[in-house]
Amino acid sequence: MLTTGSQIFQAPTQTAETWWRSAVFYEVYIRSFQDSNGDGIGDLRGIQQRLPYLKQLGIDAVWITPFYPSPMADFGYDVSDYTGVDSSFGTMEDFDRLLQSAHDLGMRIVIDMVLNHTSDEHPWFAESRSSRTNPKRDWYIWRDAQPDGSPPNNWTSFFGGSAWQWDAHTGQYYLHLFLDRQPDLNWRNPEVIQAMDTVLRFWLDKGVDGFRLDAINFLVKHEAFPDMPVVTNATGGDLVQYHVYVNNQPELHPLLQNVRRVLESYPGERVLIGETGTLKAPELSQFYGAGLDEIHLPMIVLPLHTAWQAQAMRACLLEFYAGLPQGASPHFVFSNHDDKRLITRYGFEHHRSIAMLLLTLLGSPILYYGDEIAMCDTYVPPEKRVDTAGMIDPDHYPGRDPNRTPMQWDGSTNAGFTGTAVEAWLPVNDNRSTINVAVQEHDPESTLTFYQTLLRLRSDSRALREGSIQFLEDCGDVLAYVRECDDERLLIAINFGGAAHILDLSALTDHVHCVLSSRMQRPEAVSVAEVALNAYESVLFRLASNKEG
Ligand code: NOJ
């Protein structure tokens with residue numbers, strides 16, 4: 001007999017203003033979503049064309065990856081002009097129209113903001129590297145070589161190799177935590193803060209609904225630039241470096257408060273989403289700010305790196321809920337443009353359970369484009385690979401091309417992403433004839449229909465949007481939890497295992513209604529309080545009575 005036993009976590013009070021607390025976000029990797037002009041690269045007009053699809057799916061807010069002018073060394077995460085639009089993505093008028101259309105449909109637009117670094121082709125960096133005495137020299141992080149000519153310290157780039165690049169012209173090294181074409185800005189310089197405030201205001205003046213702050217935990221570096229600790233990994237092989245002197249430095253938090261103040265000087269609630277790395281609950285919590293005055297939604301990505309195993313997931317989630325500051329809302333990210341797609345990571349048999357979990361947890365979820373039709377990674381042959389980050393040291397950092405291939409809208413040659421005679425910037429998956437929107441939108445049992453149904457249930461249910469969450473005691477391969485608000489009481493049960501499971505819910509209720517199963521074909525039925533879960537099945541039940549309360 002199963003009982004609730006763990007702590008009850010309450011959702012913070014919600015108002016129409018705090019829309020972001022339970023909003024469903026959707027990441028559009030712009031190059032791959034929809035090409036409107038036949039150049040094989042997705043663009044702003046393409047996103048605008050597909051807004052009705054996103055609305056129909058049940059999305060509240062769209063995060064668009066960088067579309068600013070860029071030499072595309074990191075496909076837009078190397079910005080050369082923060083207040084423009086790259087011609088491959090369209091024009092500023094296209095952006096304005098997209099924003100207006102989204103607002104007309106009642107949806108919000110969150111844009112990516114890359115504050116940690118610029119492109120090496122940004123005019124600020126061109127000035128900075130022009131001479132040691134240039135007024136913008138100190139906008140970036142320059143250091144002398146060690147006496148033997150080697151880099152100033154042992155810091156490594158996340159993409160592999162040293163984080164320092166030698167500049168022969170001025171005889172110093174500059175710091176780049178990512179590609180050498182992405183020099184890090186010096187956020188200890190007040191002029192940098194000022195310049196970025198102006199950038200934020202430019203977009204806020206246009207009416208964007210918020211920013212996703214890229215690599216925000218790395219903004220400030222330790223003042224003394226000490227060597228990082230180095231350890232041997234579990235297999236005694238490669239040395240692993242902990243980036244402790246660039247991650248979450250104390251001086252970062254006043255900067256985040258400043259960004260929040262800029263946002264709050266505008267009417268309405270705009271949101272700050274933060275890419276804060278794979279931090280555990282205690283450290284991640286700091287990004288909300290001691291007075292909840294920093295980032296609204298630090299991205300919780302740790303579940304994404306947790307084994308798909310009921311007890312491991314339960315422990316991971318419990319730790320986050322328990323560690324959240326009072327009044328903070330969790331933001332769960334299970335997939336994105338930097339990691340393997342869900343199905344490739346966890347296996348096809350689990351993909352609907354992952355959706356069930358993500359969309360029924362307390363907090364705001366984000367989907368990665370194509371999750372809703374069960375897209376998986378695509379094999380990209382070596383001659384078609386374009387992610388330079390994955391070419392430096394593939395064992396250390398594999399390329400991200402396989403999880404960024406074009407959205408599959410239909411079964412045609414280029415899956416409706418671009419014209420059939422065009423070569424898309426990355427290959428389209430061969431499975432497009434079955435894994436596509438056109439096929440799935442008319443199939444009552446498809447993954448797309450499952451997502452849509454789940455999102456509709458979520459939108460209609462206060463318990464799912466703003467109810468409390470309580471995990472049931474250990475039930476083997478099944479992860480189960482109750483979401484509750486007023487007299488609505490839902491139980492979500494996810495079978496992670498390959499064997500059927502009987503759940504005895506008689507301690508919780510007299511009888512249950514099955515509202516939605518990952519198998520779709522279960523009718524909405526009333527049954528006694530003992531229910532059977534098939535292998536890998538996940539089910540949302542309505543508990544008809546409350547025996548505990
Ligand atoms: C994180 C982004 O998600 C990733 O795609 C990018 O390469 C790095 N930050 C550098 O901007």
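**View 1. His 337 and the ligand in a predicted model.** A polar side-chain atom of His 337 sits 2.8 Å from a ligand oxygen in this predicted model. For Asp 74 the distance is 2.5 Å. For Arg 400 the distance is 3.0 Å. The protein buries 97% of the 300 Å² that the ligand exposes when taken alone. Such areas come from the Shrake-Rupley method with a 1.4 Å probe.

**View 2. The shell around the ligand.** The ligand is surrounded by 13 residues, each with a heavy atom within 4 Å of the ligand. The closest are Asp 74, His 117, Asp 214, His 337 and Asp 338.

View 3. Ser 527 belongs to strand β20, residues 526-528. Strands here are DSSP runs (E, at least two residues), numbered from the N terminus. Ser 527 has a relative accessible area of 29%, so the residue is partly exposed (buried is under 20%, exposed over 50%, partly exposed in between; 1.4 Å probe, protein chains only). Ser 527 touches His 511 and Val 512, leaving aside residues up to four places away in sequence. Contact means heavy atoms within 4.5 Å. Cys 514 is 13 residues from Ser 527 in sequence and 8.1 Å away in space, C-alpha to C-alpha.

**Notes.** Residues are numbered from 1 along each chain as its sequence is written, and side-chain values use heavy atoms, without hydrogens or water. In this predicted model, local features need pLDDT of at least 70, side-chain atom pairs count only at pLDDT 80 or more, and totals for chains, interfaces and linings use all residues.

Notes
Polar contact = N/O pair within 3.5 Å; in protein donor to acceptor, adjacent residues only side chain to side chain. Helix = DSSP H or I, 4+ residues; strand = E, 2+ residues; numbered from the N terminus.
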